[in-house]
Amino acid sequence: MLYARQQTRSEADAEDVLQEALVQLVRAVERRTFEGGEPQLLAYALTAIRHRATDVARRSMVRRRYERANGEIQAAEQENPWMSSALDDDVYRAHVEGILKRIPEDFAEVLILKIWEGLTFVQIAAVTGEHVSTVNTRYRRALARFRAELAETPLPE
């Protein structure tokens, strides 16, 4: 769910994307078109989430263009936290979420997949469609950016 939230930036869209991805995975397993066995289930689901989120973003972009052209955009857009857990302390969660939103999206994506989803660089490369060396570089740069942001705005005491 965390990855879906990061990809969509919307709780409602994240839930839809996650459900669609899981349905896609179940159908692939039922049709026996899924390859790779159990070790590839998570990578398949995350890739499906990424693709579904891209579709949602494209539809949303088209909708926003249409609304702007017709003067129907409201002044304030509602923000929903996309990194939440009942176990997380809200202050720390909000702080980390803020940092993840300030760093480039491709950096945040790699951090979330590596740290919170526990994927290897090879698995992340499969999910994102990038080379392993690119993923590795993004991870190192993402950690550096995250540390710099954390140094500028330390966690609350």
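Which backbone atom lies 3.4 Å from a polar atom of the side chain of Thr 128? I found the backbone nitrogen of Glu 130 there. I count a pair of N or O atoms within 3.5 Å as a polar contact; within protein, one must be able to donate a hydrogen and the other to accept it, and residues adjacent in sequence count only if both atoms are side-chain atoms.

A note on ground rules: this is a predicted model, in which local features need pLDDT of at least 70 and side-chain atom pairs count only at pLDDT 80 or more, while totals for chains, interfaces and linings use all residues. Residues are numbered from 1 along each chain as its sequence is written, and side-chain values use heavy atoms, with hydrogens and water left out.

**Entry: Thr 128**

I placed Thr 128 in helix α6 (residues 121-128); helices are DSSP runs of H or I, at least four residues, numbered from the N terminus. With a relative accessible area of 8%, Thr 128 is buried (under 20%; exposed is over 50% and partly exposed in between, using a 1.4 Å probe and protein chains only). Leaving out residues up to four places away in sequence, I see Thr 128 touching Arg 50, Glu 109, Leu 113 and Val 135 (contact means heavy atoms within 4.5 Å).

Next I looked up salt bridges, each a side-chain nitrogen of Lys or Arg within 4 Å of a carboxyl oxygen of Asp or Glu. Glu 130 turns up again here, in a salt bridge with Arg 138 at 3.7 Å, N to O. Glu 130 is partly exposed at 29% relative accessibility, whereas Arg 138 is buried at 18%. Arg 138 also meets the side chain of Asp 106 in a salt bridge, at 3.3 Å from N to O. That pair links distant parts of the chain, with Asp 106 in helix α5 (residues 105-116) and Arg 138 in helix α7, 32 residues apart. Asp 106 counts as partly exposed because its relative accessible area is 28%.

What joins Asp 106, Glu 130 and Arg 138 into one network? I noted salt bridges that share partners.

**Entry: Arg 102 and Glu 149**

I then checked Arg 102, which forms a salt bridge with Glu 149, the closest N and O atoms being 2.8 Å apart. This pair also links distant parts of the chain: Arg 102 sits in helix α4 (residues 90-102) and Glu 149 in helix α7 (residues 132-152), 47 residues apart. Arg 102 is partly exposed at 42% relative accessibility, and Glu 149 is buried at 17%.

For the tally, I wrote down eight salt bridges in the structure.

Terms used
Helix = DSSP H or I, 4+ residues; strand = E, 2+ residues; numbered from the N terminus.
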